[in-house]
Amino acid sequence: MPTMHSAVAAVHGSDVRPDGLATIAANLALLARWQARAACWLVAGDLRTGLPHDLLEAFELYLARCEADARLIVLATGAHEPPQALADALQACAASAQIELHAAQPAVLKAALLAADALILSDAASDPAVTLAALELGVPVIGSAAAATAALTGAAALLWPGATPALLAASMERVRQDARLRGILRERGFSDWNLRRTASEPPA
Amino acid sequence: MKRIAIVTQRCHESVVGGSEALAWQYARLLGGRFEVEILTTTATDCVSWANALPAGATQREGIAIQRFPTVFERGEYWYELHRRLMLEVQPHLAPPPCLWRAAQQEEYIRFQGPYCPALEDWLLAHRGDYAAVLFCTYLYAPSYFGIRLIGPRRAILIPTLHDEVPAWLPVYAARYAAFPHRIWLTEAERRTATRLWGLDGGAVLGMAVEQAQASAPASLGAPYLLYCGRIDAAKGCDELLDAFARLPGRDRAKLVFTGSDHLGLPKHPWIEYHGFVDEARKRALMAGAAGFVLPSRYESFSIVALEAMAQGTPVLVNGHCEVMREHIETSAGGYCYTDTAQMIERMTTLLALDAPARARMGAAGRAYVLARYGEDTVRARLVDCVEGVIAAADRAQASAA
């Protein structure tokens, strides 16, 4: 069952500065729950219209094909509490036991990023600030190219034009199994994020 | 002269720490050949990392130092992460993959501190100004997060690695595998890196023993064993006290300590605590001791034990520490022990050595130190190493242009 989280911090998820998340402490209780050996996937965005079907379908495919105990963390940005309609929709879906819903407060977002195997972008579920925070913290980013924009992630993410649920599920499986790919995505993401910090010349 | 930088977590006259002393020594040894700059933090305390010194540029003995502020002190958040690392994650025991994702491992390193985004900004902005950048000690955030801002051709890692739980976090191995230029202090340290990280490239250079001139021995009225440095359970000092308390004939000998007491030494007639002493007094105490004891399991070099050997004093070390065991086995300048009973037995032996036997063992230790870790020897090896890295990077850059 999705967990409703009552937001108390006066910070909207989408207001999180990407260069400030590194110094924020994660919510340790959530981190303890999420740091499991099973896969943990993260989706974040303004989800007032609900969780995109392609994402939900991709996660259900992943559960069926790869890891039945995988987890999906859904963070609703831009609001102190997740939309009720979204909570209701997630509660009604077949994978509801494996999904948690929270408002994207900084400490919650930090915990989710630290625990996640990847941040998944979908056309209808992405947030530029969260994507930048993932790059800064070394969290792989995968999903729909249209949701990322090349300017945001460059070559630092595993992105697909016109990503289908099957393609998304396959990407999740690949990231989960391929440590080298995760390392490449992490380092490219960091370089990408770094370019935003300074316009200095790349090292020799 | 070419400009190089050395990144280290602390740098100040008041700081006591092995890797900090190493960074400063390397700055000094390289100073005649390069324009050396130390990039460090404003912290002096290696637990809190509180900002204690002014940020900005300063000079020490002609070497430029740039200090950058830490953005938080170590707090409950990190201690809770550390508790989980030790009790739940246990990367040294658990089969891979590590329970913590890479981002969480890096969170542990970041909040372990000292975390200095301004130092990273400096490296980003000025990396093109340095012919090479040396990063001293693998463990802390300035090296871990800073080295990735420098290309692998011009970065030189000085890990000062020992087998401790955080070293098993896979992100360390992954990060440092990308940086092939490394300086090891001993062969044992390099073997430790092979075992923990799967890496073995780099040069074994060591650290110069600066306090090698022979001193007149101190006399304390009874034979004594000496410990110098941070007095702490983490350094094995509790085991040392326990062993000495069980020593036969304990009341005819003394256990002498110098350094900072973080343990709270008990009051006993056979314990003498001298607090901080200057180098001359330390050498005299070393020269006069029946033996110098280093009970720490975790040492990547131990300059203080080598200083004692340079005074011709036999040393007794924890045989679980591969580096120290190598010093002893190679030099024949002392003994190792692997349990408390053996520690007591070896301490008894040291206190009972006759003068010729002590002199033979002491001479072997002193010869080992002077041959391997004399200042000129280490300087020559260090300059060769750094010049080699710079020349290779320059060639690669020229051919790419």
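The largest cavity in this predicted model has a volume of about 40 Å³. A search of the whole structure returns 1 cavity of 30 Å³ or more. The lining of the largest cavity is made up of B:P114, B:Y115, B:C116, B:L119, B:E120, B:A141, B:P142 and B:G146. By class, these lining residues comprise 6 nonpolar, 1 polar and 1 charged. Two elements of chain B, helix 4 (117-126) and helix 5 (141-146), each contribute at least two residues to the lining. Helix 5 of chain B accounts for the largest share, with 3 residues.

The bond from B:G113 to B:P114 is cis, with omega near -10 degrees, and B:P114 is located in the loop between helix 3 and helix 4 of chain B. A cis peptide bond is likewise found from B:P96 to B:P97, where omega is near 5 degrees. B:P97 belongs to the loop that runs between helix 2 (76-89) and helix 3 (102-112) of chain B. Most peptide bonds are trans, and most residues other than glycine have a negative phi. B:W49, which is not a glycine, has a positive phi of about 60 degrees. The position of B:W49 is in the loop between strand 2 (35-41) and strand 3 (56-60) of chain B.

The contact between the two chains involves 35 residues from chain A and 38 residues from chain B. The size of an interface is often expressed as the accessible area lost when the parts come together. For chain A and chain B, about 2,600 Å² is buried between them, and 51% of this area lies on carbon and sulfur atoms. Across the interface, 12 residue pairs are in polar contact, with both residues at pLDDT 80 or more. On chain A, the elements that give two or more residues to the side touching chain B are helix 1 (28-34), helix 4 (106-115) and helix 9 (179-197). Helix 9 of chain A provides the largest share of that side, 5 residues. The residues on the side of chain A that touches chain B fall into 21 nonpolar, 6 polar and 8 charged.

Charged pairs were examined next. Side chains of opposite charge can pair when their charged atoms come close. Over all chains the count is 36 salt bridges, and between chain A and chain B the count is 4. Among the salt bridges between the chains is that of A:R186 with B:E106, in which the closest N and O atoms are 2.7 Å apart. Within chain A, a salt bridge joins the side chains of A:R176 and A:E67, at 3.0 Å from N to O. A:R176 lies in helix 8 (residues 165-177) of chain A, whereas A:E67 lies in the loop between helix 2 (53-65) and strand 2 (71-76) of chain A; the pair therefore ties together parts that are 109 residues apart in sequence.

Notes:
Residues are numbered from 1 along each chain as its sequence is written. Chains are lettered from A and ligands numbered from 1 in the order in which they are written. This is a predicted model: local features need pLDDT of at least 70, side-chain atom pairs count only at pLDDT 80 or more; totals for chains, interfaces and linings use all residues. Side-chain values use heavy atoms; hydrogens and water are left out. Contact means heavy atoms within 4.5 Å. Buried area is the accessible area (1.4 Å probe) that two parts lose on being put together, summed over both. A polar contact is a pair of N or O atoms within 3.5 Å; within protein, one must be able to donate a hydrogen and the other to accept it, and residues adjacent in sequence count only if both atoms are side-chain atoms. Helices (H or I, at least four residues) and strands (E, at least two) are DSSP runs, numbered from the N terminus. Ala, Val, Leu, Ile, Met, Phe, Trp, Tyr, Cys and Pro count as nonpolar, Asp, Glu, Lys and Arg as charged, and the others, Gly among them, as polar. On a 1 Å grid over the protein atoms alone, a cavity is a set of points where a 1.4 Å probe fits but cannot get out, and a pocket is an open set with protein on both sides within 12 Å along at least five of seven lines; lining residues have an atom within 4 Å of a point. Grid points are joined across faces, edges and corners, and a volume is the space filled by probe spheres set on the points.
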